[in-house]
Amino acid sequence: MARTRTTVITGAAAGIGAATARMLAAEGEQVVGVDLHGSDIDADLATAEGRSAMVEAVRERSGGIVDSVIANAGSALPNALTVSVNYFGAVATLEGLRPLMVESGAPRAVITSSMASFQPHDDELVAAMLAGDEPAALARAQALVDAGEQPAQLIYGSTKHALNRWMRTVAPTEDWASAGIPLNAVGPGVIETPMTAGYTSTAEGREMLAQAVPMPLGGYGEPEEVAELIVWLASPANSKTTGQVIFIDGGADVVLR
C-alpha cells in the first residue's frame, strides 16, 4: 500500500495557505499546517527559535519524512518584521525541512513569492538578505522605515526579489535538483486575502492597486486559483520544472514589463 504524501504548509491558517491545505486534504494528503496560531503547529517564523521549533515539531509529527514543503507564510507590512518572515523564515523553512524531503520518493518544494518581486527594491537590503546577514538586513529595513513611508514601501518587494534570487541560485544545485527536489515559486498578483483586505476594501486602495498591479484578466484573484498552481508544482506530476517563478497575476507582469 502506497504511503500517504505529507505536505507542510506555512502560513496555513488563512488565505492561499488555507486554500492549498484544503485542496491537498481533499486529495487525501496528510497536511501539516504551520502558523502563528490556529494551525497544526504554532510557530513564529520571524525568530530563530521559532524556526528551529517548527522543524523539530514537523520531524516528530511526520515521522521523519516530508514529501513537499510549501513556504507560504508572509507579511506585507512595511516594517523590519516582514524581512524576518518573508525571507529568513522562508529560507529557514526550506533548508530546515530539506533533509526530511530527501527521504521522500518524490519530494517537491514551492515558495509563495509575489509579482512585487520585479517592482522597485532596495539593493542594500537585498544584498544583506542574500548574504544571510539577518541583523544587517533588519537594520537596513529599519533605516528605510525611519526614512519615511515611500522608502518603507520598498521592503516587501525587496524580500520577494531576494527570495526569488535565492531560489534560482540554489534550485539547480546538488542539495536540490541533484537530490531530486524541484524548487519553484509562484508570483501572485493581488489576491483577495486578509493580507490585502486593507487595500482592496477602500476606493483609495483599489485605485493605488490599479496603478501598481494592473490585472486585465479577471481582476483580483482568489486564493483557490493560486492554490491550484501550487498543488501541481508540489505534486509528483511536476518532474522537470525547477528554478522557475511562475506569475499568476492576471497579466500584471506583461502590462508592466
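**The whole chain**

Of the 257 residues in the protein, 53% are buried, where buried means under 20% relative accessible area, exposed means over 50%, and partly exposed lies in between (1.4 Å probe, protein chains only). This is a predicted model, in which local features need pLDDT of at least 70 and side-chain atom pairs count only at pLDDT 80 or more, while totals for chains, interfaces and linings use all residues. Residues are numbered from 1 along each chain as its sequence is written, and side-chain values use heavy atoms, with hydrogens and water left out.

Display the cartoon: the protein has 11 helices and 7 strands. Helices (H or I, at least four residues) and strands (E, at least two) are DSSP runs, numbered from the N terminus. The radius of gyration is 17 Å, close to the 18 Å that the globule rule gives for 257 residues, so the protein is as compact as a globular protein of that length. This radius is taken over C-alpha atoms, and the globule rule is 2.2 Å times the number of residues to the power 0.38.

**The sheet**

Select the strands next. In what order do the 7 strands lie in the open sheet? The order is β3-β2-β1-β4-β5-β6-β7, with parallel pairing; two strands pair if DSSP finds at least two bridges between them. At the edges are β3 and β7 (245–248), each of which pairs on one side only.

**Strand β2 and its neighbours**

Now select residues 30–35, which form strand β2; 5 of its 6 residues are buried. Strand β1 (residues 6–10) pairs with β2 in the parallel sense over 5 bridges. From β1 the chain crosses through helix α1 (residues 15–26) to β2, and this β-α-β crossover is right-handed: with the strands pointing away from the viewer, the path from the first strand over the helix to the second runs clockwise.

Show V34 in β2: T10 stands opposite this residue, and the bridge partner of V34 in β3 is I41. Strand β3 (residues 41–42) and β2 pair in the parallel sense over 2 bridges.

**A last stop on the surface**

Finally, select helix α11 (residues 252–256), where V254 is found. Is V254 buried or exposed? V254 is exposed, with a relative accessible area of 66%.
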